[in-house]
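This report covers one protein model, its secondary structure and its side-chain contacts. Please read it alongside the coordinates.

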Amino acid sequence: MIIKASAALRNDYATISNMAKETKEPIYITKNGEGDLVLMSIEAFEKREQTLQLRAKVLQAEQERLDGAETYSISEARKRLRERVNDI
């Protein structure tokens, strides 16, 4: 976990920005010793958002399965995928 004071962000933005891009991890910014915000690169943020969206889709599919939605065996799924690829 990377923690920096708000003064470091204010006084040395370039270093903090480079650190966020290089580590691809969030940087926790404190103000008066208390957590204030989290800074991360756009690349890391977008990757995190994609992961969260994928997780939401998987959870939705699992809930639909539990609610009785039609499911397919692996061989049926492969067949359906091949058919879709051939249609493209």
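## Salt bridges

Arg-48 counts as partly exposed, because its relative accessibility is 43%; the classes are buried under 20% relative accessible area, exposed over 50%, and partly exposed in between, with a 1.4 Å probe and protein chains only. The model is predicted: local features need pLDDT of at least 70 and side-chain atom pairs count only at pLDDT 80 or more, while totals for chains, interfaces and linings use all residues. Residues are numbered from 1 along each chain as its sequence is written, and side-chain values use heavy atoms, with hydrogens and water left out.

The side chain of Arg-48 meets that of Glu-49 in a salt bridge at 3.8 Å, N to O. A salt bridge here is a side-chain nitrogen of Lys or Arg within 4 Å of a carboxyl oxygen of Asp or Glu. Glu-49 is partly exposed at 28% relative accessibility. The structure holds 2 salt bridges, and Glu-62 with Arg-65 forms one of them, at 2.5 Å, N to O. Both Glu-62 and Arg-65 lie in helix 3, 3 residues apart, about one turn of the helix. Glu-62 has a relative accessible area of 34% and is partly exposed; Arg-65, at 42%, also counts as partly exposed.

## Helices

Helices (H or I, at least four residues) and strands (E, at least two) are DSSP runs numbered from the N terminus. Helix 3 covers residues 42-66, and its 25 residues should span 36 Å at 1.5 Å a residue; the end C-alpha atoms are 36 Å apart, which agrees. The expected span is 1.5 Å times one less than the number of residues. Gly-68, with a positive phi near 100 degrees, follows helix 3.

Helix 4 (residues 74-87) has 14 residues and reaches 20 Å from first to last C-alpha, close to the expected 20 Å. Helix 4 is hardly covered, as the count of buried residues among its 14 is 0.

An open sheet of 3 strands has the order 1-2-3 with mixed pairing. Strand 1 and strand 3 stand at the edges with a single partner strand each, so one side of each has no neighbour in the sheet. The twist averages 35 degrees from one strand to the next; axes are lines fitted to C-alpha atoms, for helices over the stretch in contact, and angles run from 0 to 180 degrees between N-to-C directions.

Two strands pair if DSSP finds at least two bridges between them. Strand 1 and strand 2 (residues 27-31) run parallel and are joined by 4 bridges, and Ile-2 has Ile-27 in strand 2 as its bridge partner. Strand 2 pairs with strand 3 (residues 34-39) in the antiparallel sense over 5 bridges. In strand 3, Val-38 stands opposite Tyr-28, and Glu-34 stands opposite Lys-31.

## Loops with positive phi

Strand 2 and strand 3 form a hairpin with 2 residues between them. Asn-32, in that turn, has a positive phi of about 55 degrees and counts as exposed at 75% relative accessibility.

Lys-24 is not a glycine, yet has a positive phi of about 55 degrees. Lys-24 sits in the loop between helix 2 (13-23) and strand 2, and its relative accessibility of 47% makes it partly exposed.
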